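Let's take a walk through this model together. Keep the viewer open and follow along as we go.

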There are 2 protein chains.
Amino acid sequence: MLNQLGRNIPDCIEGYGLCKPFTGENISTYNVIRSQIHAISESGETKVRSDLKSLLQEMELKDGMTLSFHHHLRNGDGVLNEVMMAVENMGIKNIRVAMSSIFPIHRPLVELMKNGTVTQIAANYISGPVAEAISEGFLDKPAIMHTHGGRARAIESGDLSIDIAFIAAPSADVCGNISGVNGPAACGTLGYAISDALYAKTVVAVTDTVVPYPAEFTEIGQEYVDFVVEVDSIGDPAGIVSGTTQITKDPIGLKIAKQTVDVIEASGQLKDDFSFQTGAGGTSLAVAHYLRLKMQEKGIRGGFASGGITGYLVEMHESGFFRSLMDVQCFDLDTIRSYQENPRHYSMSASKYGNPHNKGAVVNQLDIMILGATEIDLDFNVNVTTGSDGKIMGGSGGHSDTASGSKLAIVVTQLVKGRLPIVKDRVTTVTTPGQSIDVLVTERGIAVNPNNKALSDQLIKAGLNVVTIETLQQMAYKIAGEPNPLEFEEKIVAVVEYRDGTVIDVVRKV
Amino acid sequence: MLNQLGRNIPDCIEGYGLCKPFTGENISTYNVIRSQIHAISESGETKVRSDLKSLLQEMELKDGMTLSFHHHLRNGDGVLNEVMMAVENMGIKNIRVAMSSIFPIHRPLVELMKNGTVTQIAANYISGPVAEAISEGFLDKPAIMHTHGGRARAIESGDLSIDIAFIAAPSADVCGNISGVNGPAACGTLGYAISDALYAKTVVAVTDTVVPYPAEFTEIGQEYVDFVVEVDSIGDPAGIVSGTTQITKDPIGLKIAKQTVDVIEASGQLKDDFSFQTGAGGTSLAVAHYLRLKMQEKGIRGGFASGGITGYLVEMHESGFFRSLMDVQCFDLDTIRSYQENPRHYSMSASKYGNPHNKGAVVNQLDIMILGATEIDLDFNVNVTTGSDGKIMGGSGGHSDTASGSKLAIVVTQLVKGRLPIVKDRVTTVTTPGQSIDVLVTERGIAVNPNNKALSDQLIKAGLNVVTIETLQQMAYKIAGEPNPLEFEEKIVAVVEYRDGTVIDVVRKV
């Protein structure tokens, strides 16, 4: 069937099941489930295990189970690989790995996909060799790509039922109180792991740092944790602080950032107590930088900044530009320090951050959201899941969640990247529906979604360079030429779930 | 049928249902349920309501619903009365009130019991006119008396299904982030309200102080809250800080406290990193005082102190006698201050504190627990639910939870109180089973539970005045005479649930 965006979605996908097509509408009631859990009512029982392999045996790990992991250690994570190698050694097959995000360091998974240890992956973002291998069809069952909020929803609703959650724990006490702030692999908040801990049938804290009871700065409490297993190292601190967290020096990026702040100003959203989120990319950070200058000039103080938090936002918070920070993930050491020191630097779970089926997520309170795009089409649908070669190279993360919740969702991008036009007739994969996007800012002009006529009028009145998205497409095609359409096989390698669990698109094998 | 303690429990009680008799055994698996919930996925929806009555209408309040409340405002609480008066005004009948504890200030409930607005009460502790009225049989259905941990268990398991939770919120923001630390009725931690917020079908924050978003020191997050209703006042600060929180000056109480510390020392539990809990009564606080002197003398530093926290324990924490505090309820202003200031002063939910059906509660980590008793019998069963007149005057609170979890559970009491002997053949009502109690300390001697022979040997070796409990009973009878047996009617006015949901006793009409 065609979903509301005209994407061809099968009624049923082998290895995934029945598809609920994307409808673009919100539901008002939902189910939250929890199932049978092991009670620890005796004071004598110890949760501590010194050996991962015998713990797996004790937990009666079986073929077909779903094992979950979080990605706060990012490209420094050592836990997924260590657990999965132990699983392979036991000869267990057909495991579904539910890791909130997958990075290049998780390359060993590829071998496990080939030999049938892992036959399905659910993640919000996948980059590196695992993404490549999924695109090449190495998984028996299609990968499931969630949003950050959608993953929490899927876990809470039972759509993503977790048998064992392995929580990489920078520190933990013997009762399983888990903290992200102490230990050699400190990562700050543990927002993406909360739903796993609350809803998995069995929860294992994997730690290299056992601290005195009760652990300081506990984010996941002992009442949710079955086992604490000690390993030599949960990860490489150098890889935790990874990704671009410097302001771009590229003049085109800076120009886009400057224009973005003009858009914000013209939109009327730049007022005392406004809220703001931006990614950790160079252009996104540059938006924060110019926004700061504008706030200074106009004497405006913001309410909160949210999302993954960087040192740049910490500095703005500490300088009084934002009263508070709502932090689902600390991107650098300065952010981890701030999280411990600043009483208005709050952690939030992925559910609190972006789950559409709770009683109101933080994204709903966002005024201004700065988003990236790999591709954007004439309906303002955005792709951040696949590259222009059709292969998986990312995923929504919080893209769809924040775009949907925020009052003003701005996509910032160069018109042409790597000699490829960014504005296309149809994006290769829809990650975020155009209905959530208000405006596209490029170095050659600003296109406003026709569903936001008021914004268009405001920007034109402010003398900004407003053009149609079709005009931007023509400019892009003039520079880079019209891209050749990709050829796909029938085989579906990934199902892209919108945050509400409906299928917004599928990724087919190139 | 007779339960494991020989108490006569009906198979089925009208207005309560089938009874699971107390068995004295732990179960190892349990169910946690959650049901259909209203989603707020739009950014435009506001949760704020200015009028309680129209909110009740909007929520379609119906006859027969269960409404829940927490007792952190103690004898200063204004929320239960205000909500229930509005319920009565609407002509709604047959409401079950699930309030974690009920105090004299809740006297208006009595009228609502008489006129059928309220036909059942579930609480962990009931004192004052409501207790009196229940004992006199004013409720259509028997009251259900939980423990603090057992209430959390009942809510999480669905045994106590809540339609609407009204959370008295010292401060809240417009999205329902609730904090206990700001506002005129600041009460500190909100541990007893957490399960209500997580599991009720609808959650209402009732507040007199709306703060900027996001609220500082949020304990209950917006993702759980449906509505925020503003009222003039949620309570009287003077009543929040109530109850005995001064060390006794009574020489008998001081003597018992001193001997208790001798018992602790002789037991071998007084060592570095030990954990400790005591009540807020005068003798209990005196134990803390003498314990402190002993710790100082021996150079011992404790791990954590837990439970409801008083200024005396705060002072011990700040002086380095206990590394951390695990706080389910702040008893005074100094404790509220400490909770905000001291990074190792942690809050805990009632579930984390004492729920026997999660993955290990804090009570399981307790080394030493000091308990009170209204009566104790030859099997060491303790009554803190009814007075010697057979009327309800309290309830378990955390009594059974901590007695069960702690390594050394010590009951401290005078042998005779108000001319009545405390040690009896059979307690009027069993609150806590004797199997959980290790030792009874009175001014005339120390009786050790025969199930703890090792402790008895240690105390005798240390030269303490160890006698049998039968000896203590005889001494008490000698002083005060043998008490006359009470006469009860058939009518059951309250069902006493043990922490695991089994029925440990019933209270009949006198």
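This is a predicted model: local features need pLDDT of at least 70, side-chain atom pairs count only at pLDDT 80 or more; totals for chains, interfaces and linings use all residues.

Together with A:Phe488 and A:Val510, A:Leu486 makes up a nonpolar patch on the surface. The accessible area of these three residues together is about 220 Å². Is A:Leu486 buried, exposed or partly exposed? Its relative accessible area is 30%, so A:Leu486 counts as partly exposed.

Now step back to the domains. In chain A, the domain assignment gives domain 1 (2–31 + 46–240) and domain 2 (251–486). The C-alpha centres of domain 1 and domain 2 of chain A are 27 Å apart. How many residues of domain 1 of chain A are in contact with domain 2 of chain A? There are 41 of them, and they meet 40 residues of domain 2. About 3200 Å² is buried between domain 1 and domain 2 of chain A, with carbon and sulfur atoms giving 56% of that area. The interface between these two domains of chain A also has 2 salt bridges across it.

While you're in chain A, have a look at the pair A:Glu132 and A:Lys391: they form a salt bridge, and the closest N and O atoms are 3.2 Å apart.

Most residues other than glycine have a negative phi, and most peptide bonds are trans. Against that background, check the peptide bond from A:Tyr213 to A:Pro214: it is cis, with omega near -10 degrees. A:Pro214 is in the chain A loop between β13 (202–207) and β14 (218–220). Over in chain B, the bond from B:Tyr213 to B:Pro214 is cis, with omega near -10 degrees, and B:Pro214 lies in the chain B loop between β13 (202–207) and β14 (218–220).

As for phi, A:Arg419 has a positive value near 65 degrees, although this residue is not glycine. You'll find A:Arg419 in the chain A loop between β24 (416–417) and β25 (420–421). With a relative accessible area of 75%, A:Arg419 is exposed. In chain B, B:Asn94 has a positive phi near 65 degrees and lies in the loop between α2 (79–89) and β7 (95–99). B:Asn94 counts as partly exposed because its relative accessibility is 29%.

Methods
Residues are numbered from 1 along each chain as its sequence is written. Chains are lettered from A and ligands numbered from 1 in the order in which they are written. Side-chain values use heavy atoms; hydrogens and water are left out. Patches are made of residues with over 30% relative accessible area and no salt bridge: like charges are joined within 9 Å, nonpolar side chains (Val, Leu, Ile, Met, Phe, Trp, Tyr) within 5 Å. Accessible areas come from the Shrake-Rupley method with a 1.4 Å probe; for residues, only the protein chains shown count as cover. A salt bridge is a side-chain nitrogen of Lys or Arg within 4 Å of a carboxyl oxygen of Asp or Glu. Buried means under 20% relative accessible area, exposed over 50%, partly exposed in between (1.4 Å probe, protein chains only). Domain bounds come from an automatic or database domain assignment. Contact means heavy atoms within 4.5 Å. Buried area is the accessible area (1.4 Å probe) that two parts lose on being put together, summed over both. Helices (H or I, at least four residues) and strands (E, at least two) are DSSP runs, numbered from the N terminus.
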